[in-house]
Amino acid sequence: MNLLLAQCDPKAPLLDADSRERVLATLPGWTPDPEHKLIARRFGFDNFYQVMAFVNAVAEIAHAQDHHPEMLVGYNACTISYTTHSRGGVTLNDAICAAQVSALPEASGA
């Protein structure tokens, strides 16, 4: 499945540990947080203007997919985390959005 072209499914089931590992292997920089049942990645930038451009691009993805991340925004970095609250953990929807965020031109930092 090409995650960049996929659409989120409101009925997506939780990923089991093996599936989550396989999916995360295709998403460099994204790490699981089993305690909080999410995946996350920090993106670094040169300045706040670049961070905000990135945040706005992430908002476009969230709107298009109707799947919204938590974002921690700072002067030169933004940490994005995904979980599917209605399922209580990580689903394919989280991986789809993570892949699309990673593909953003602004998403070159770490």
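Visitor: How many residues of H3 are buried?

Guide: This is a predicted model. In it, nine of the eleven residues of H3 are buried, so the helix is largely enclosed by the rest of the structure.

Visitor: Which ones are buried in H3?

Guide: They are Asn93, Asp94, Ala95, Ile96, Cys97, Ala98, Ala99, Gln100 and Val101.

Visitor: And what do the buried residues of H3 pack against?

Guide: Their packing partners are helix H1 (17-24), E2, H2 and E4.

Visitor: Let us turn to H2. Which of its residues are buried?

Guide: In H2, Val51, Phe54, Val55, Ala57, Val58, Ile61, Ala62 and Gln65 are buried. They lie on the same side of H2, because the arc they cover around the axis is only 165 degrees.

Visitor: What covers the buried residues of H2?

Guide: The cover includes strand E2 (38-44), strand E3 (70-73), strand E4 (77-82) and helix H3 (92-102).

Visitor: Which exposed residues are on the face turned away?

Guide: That face of H2 carries Tyr49, Glu60, His63 and Ala64, which are exposed.

Visitor: What span should H2 have, and how far apart are its ends?

Guide: Helix H2 covers residues 48-65, which is 18 residues, and at 1.5 Å a residue it should span 26 Å. Its end C-alpha atoms are 26 Å apart, in agreement with that expectation.

Visitor: Now the loop between E4 and H3. Is Val90 buried or exposed?

Guide: Val90, which lies in that loop, has 5% relative accessibility and therefore counts as buried, the cut-off being under 20%.

Visitor: What is Val90 in contact with?

Guide: Setting aside neighbours within four places in sequence, Val90 is in contact with Leu14, Leu15, Arg20, Lys37, Leu38, Ile39, Tyr82 and Thr83.

Visitor: One last topic: which residues lie nearest the centre of the largest pocket?

Guide: Of the 14 residues lining the largest pocket, Asp66, His67, Thr84, Ser86 and Asn93 lie nearest its centre. Asn93 is also among the buried residues of H3.

Visitor: How much space is in that pocket, and what classes line it?

Guide: The largest pocket holds about 210 Å³ of space. Its lining has three nonpolar, eight polar and three charged residues.

Key
Residues are numbered from 1 along each chain as its sequence is written. This is a predicted model: local features need pLDDT of at least 70, side-chain atom pairs count only at pLDDT 80 or more; totals for chains, interfaces and linings use all residues. Side-chain values use heavy atoms; hydrogens and water are left out. On a 1 Å grid over the protein atoms alone, a cavity is a set of points where a 1.4 Å probe fits but cannot get out, and a pocket is an open set with protein on both sides within 12 Å along at least five of seven lines; lining residues have an atom within 4 Å of a point. Grid points are joined across faces, edges and corners, and a volume is the space filled by probe spheres set on the points. Ala, Val, Leu, Ile, Met, Phe, Trp, Tyr, Cys and Pro count as nonpolar, Asp, Glu, Lys and Arg as charged, and the others, Gly among them, as polar. Helices (H or I, at least four residues) and strands (E, at least two) are DSSP runs, numbered from the N terminus. The expected span of a helix is 1.5 Å times one less than its number of residues. Buried means under 20% relative accessible area, exposed over 50%, partly exposed in between (1.4 Å probe, protein chains only). The arc is that of the directions from the helix axis to the C-beta atoms. Contact means heavy atoms within 4.5 Å.
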